[in-house]
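Please work through the following exercises with the sequence and the structure open beside you.

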Amino acid sequence: MSAFCDVVASADSGAGHPGEVATYRCAIDDFGTGRAISEGWTMLALREAQAAELASHVKAALKPPALGAFHGKAYMRRFREQYVSVLQALRTALESSEERVAVCTLLDQQWKSTFKAFAARVIPNAFTNAGAAIDDNASALSHLALPLFELQRHAHAHLAHGGSTTVEIDADDVTRQLVNSSVRAQGCDIPALRVGRSIWEASRKLNFPAAPSLVRDGLSICDDETSPLIQVVDLLGNFSTAYVTVALGRTSKTLEEKRGILDEVFGDLIRGSDFSGVELDGDSDIRLKETGAFTLTFA
């Protein structure tokens, strides 16, 4: 990550071009099991045209506005057909996008702690190398870096080499503070999210060179109500958790309905998946049997 300081130095000059058209649009939402024994992210990457069509479909499916926004935890049975419609639109987008990523990844506590410790070392060191004061933004950027690194790993494996992207991440109490914050480095005030872009670029160049570059000002912290793509990944993560929970033996009317919706749209892709690496822990948690991550892939 020593390249971070060089990327930060050019963040307001040549890195990224205003008006640059993104090849991809990515969305990230966190999700977890009942007591957060396992937590992770749902991630989506689509070509720009397919992402725009999907976003338009989500907005249309919300009319009339009684539903407000799509939230997996707030699932309402009377709107079942809208949920099905949105997931079917996601499948259409995945099938018509030349390269794509749609994954749900759960990390166990040990792996999550290792991941966090790595970011907690890398980001402050990057601030120091760049001549920037380590402040609350460093902690928030460490938190933000975790899903960015995971997205890069999947993008490196599944997207075409080259191209560029934007990334939308669902806001939480930590990342929301980055929206209007700045970092002072080498005599310049740099928007904190542009530093996040610099972290992306430094990591990409060193670890995941086939992942797309992040366009200037292409990193956004969004409330899910304002991002149709985050609403889609919210549903995918929540319904996937229900699918696995039922497959492991726990059921309820709501879990069965969510599982049924996911099976209706993606059943031919995930039916028969190997869940031997996970197990139920109590009434509402999924535990990984071995240290690492469990990933459900849809494309």
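**Exercise 1. Decide whether R153 is buried, partly exposed or exposed, and find out which side chain R153 meets in a salt bridge.**

Solution. Because the relative accessible area of R153 is 38% in this predicted model, R153 is partly exposed; the term covers values between the 20% limit for buried and the 50% limit for exposed. The next step is to look for the partner, and this is E150, whose side chain meets that of R153 with N and O 2.6 Å apart. E150 has a relative accessibility of 5% and therefore counts as buried.

**Exercise 2. Determine which parts of the chain are tied together by the salt bridge between D217 and R194, and by the one between E168 and R25.**

Solution. Begin with D217 and R194, whose side chains meet in a salt bridge of 2.6 Å from N to O. D217 lies in strand β7 and R194 in helix α6 (residues 192-207), so this pair ties together parts that are 23 residues apart in sequence. R194 counts as buried, because its relative accessibility is 10%.

Now turn to E168 and R25, which form a salt bridge in which the closest N and O atoms are 3.7 Å apart. Since E168 lies in strand β4 and R25 in strand β1, the parts tied together here are 143 residues apart in sequence. E168 is buried at 15% relative accessibility, and R25 is buried as well, with a relative accessible area of 16%. To complete the picture, a search of the whole structure finds 19 salt bridges, and R77, R80, E81, E257 and E264 are linked in a network of such bridges.

**Exercise 3. Find the order of the strands in the open sheet, and describe how β2 is paired and how it is enclosed.**

Solution. The open sheet is formed by 6 strands in the order β7-β4-β1-β2-β3-β10, and its pairing is mixed. The edge strands are β7 (213-222) and β10 (293-297), each of which pairs on one side only. On average, and with direction ignored, neighbouring strands of this sheet are turned by 20° against each other.

Next, follow β2 on each of its two sides. With β1 it pairs in the antiparallel sense over 9 bridges, and here Y24 stands opposite R47 in β2. With β3 it is joined by 8 bridges, again antiparallel, and here L44 stands opposite A102 in β3. As 8 of the 10 residues of β2 are buried, this strand is largely enclosed by the rest of the structure.

Helix α5 (residues 136-158) lies across β1, β2, β3, β4, β7 and β10, and runs at about 50° to β2. Helix α7 also packs on the sheet, where it touches β1, β2, β3, β4, β7 and β10, and its direction makes about 40° with that of β1.

**Exercise 4. State how far D108 is from the nearest side chain of opposite charge, and list its contacts beyond the neighbours within four places in sequence.**

Solution. First locate D108, which is found in strand β3 (residues 101-108). D108 is buried yet has no salt bridge, and the nearest side chain of opposite charge, that of R287, is 7.7 Å away. For comparison, a salt bridge needs a nitrogen and an oxygen within 4 Å. With the neighbours within four places left aside, D108 is in contact with I37, L288, E290, T291 and G292.

**Exercise 5. Work out whether the rings of Y243 and F275 are stacked or edge-to-face, and where the two residues lie.**

Solution. The count for the structure comes to 10 aromatic pairs. In the pair of Y243 and F275 the ring centres are 6.3 Å apart and the planes stand at 70°, so the pair is edge-to-face. Y243 lies in helix α7 (residues 228-247) and F275 in the loop between α8 and β8, 32 residues apart, and the pair thus links distant parts of the chain. Both Y243 and F275 are buried. Elsewhere, F70, Y75, Y83 and F239 form one aromatic cluster.

Technical notes:
Residues numbered from 1 in each chain as written. Predicted model: local features only at pLDDT ≥ 70, side-chain atom pairs only at ≥ 80, totals over all residues. Heavy atoms only, no water. Helix = DSSP H or I, 4+ residues; strand = E, 2+ residues; numbered from the N terminus. Buried < 20%, exposed > 50% of the residue type's maximum accessible area, 1.4 Å probe, protein only. Lys, Arg positive; Asp, Glu negative; His and termini not counted. Contact = heavy atoms within 4.5 Å. Phe/Tyr/Trp six-rings, centres within 6.5 Å; stacked < 30°, edge-to-face > 60°. Pairing = 2+ DSSP bridges. Axes fitted to C-alpha atoms, helices over the stretch in contact; angles between N-to-C directions.
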